[in-house]
Amino acid sequence: MKNKKEAVVAFSGGQDSTTCLAWALKRYEKVYTVSFDYGQRHKKELECAENIAKKLGAEHIVLDLKELNRLAPNSLTRADIEVDKEAPEEGTPNSFVEGRNLLFLTYAAIFAKTHGVTDIITGVSQSDYSGYPDCRDIFIKSLTTTLSLAMDYEFDIITPLMWIDKESTWELADELGVFDIVRNETLTCYNGVMGDGCGDCPSCKLRKRGLERYLARRSVTVDGN
């Protein structure tokens, strides 16, 4: 039996997925968070995900996808590959994990169907991102159709952040009451530093730029009433 009162969140314990989890908890009676152990360098990511899910009251599940580490070596899975500080002129950054979102959402869909859930939520966005092809709206629409056909089950992959930038993502987290959790307890940094991160990798720069813009605007709003 399909249950529209429940949802599955693909959950990394980072800024975007934590904001999406808070968003989902406002809309569904029960939320499952599904995280993935894909051999990432920073296992703290999984610890953050578990701790945040517990704090916010969502069930947390970790699925094993370690084979992805061997198939797609990159700077997020290999300590001997330094993270690109800037996106290359051509191609994807070396922090792009081939097929990651495709696999994550496929496994999340299998979990969802076996639990009678149709709605899958992910924090991908093509408005303010690092050039990853599997964060694009066209990919999500295509995969939704493919998964629905493959399992003869009507999935809905929901992307609350698809058309907003990091500044607006911070604003949404604040509106949802999880600003401090997102700022202090998430792990978005490619070098594995919690909270505000290393400040040097592309993910940290993007996060910091959005935060500074939002805080400046929020300060003006508070001061100007």
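Which residues of H2 are buried? Select helix H2, residues 44-56. Its buried residues are Glu45, Leu46, Cys48, Ala49, Ile52 and Ala53. Buried means under 20% relative accessible area, with a 1.4 Å probe and protein chains only. These residues cover an arc of only 155 degrees around the axis, so they sit on the same side of H2. The arc is taken from the directions from the helix axis to the C-beta atoms. Helices are DSSP runs of H or I with at least four residues, and strands are E runs of at least two, numbered from the N terminus.

This is a predicted model: local features need pLDDT of at least 70, side-chain atom pairs count only at pLDDT 80 or more, and totals for chains, interfaces and linings use all residues. Residues are numbered from 1 along each chain, and side-chain values use heavy atoms, without hydrogens or water.

Next, show what covers the buried residues of H2. The cover includes helix H1 (15-25), strand E2 (30-37), strand E3 (59-64) and helix H7 (179-185). Then step just past H2 to glycine 57, which takes a positive phi of about 90 degrees.

Now select Val8, Leu105, Ile120, Ile140, Leu147 and Phe155. They have the most contacts inside the largest nonpolar core, which has 33 residues. Such a core is a set of buried Ala, Val, Leu, Ile, Met, Phe, Trp, Tyr and Cys residues joined through side-chain atoms within 4.5 Å.

Last stop: glutamate 167, in helix H6 (residues 166-175). Its relative accessibility is 18%, so glutamate 167 counts as buried. Leaving out residues up to four places away in sequence, glutamate 167 touches Gly210, Arg213, Tyr214 and Arg217. Contact means heavy atoms within 4.5 Å.

Key. Buried < 20%, exposed > 50% of the residue type's maximum accessible area, 1.4 Å probe, protein only. Expected span 1.5 Å × (residues − 1).
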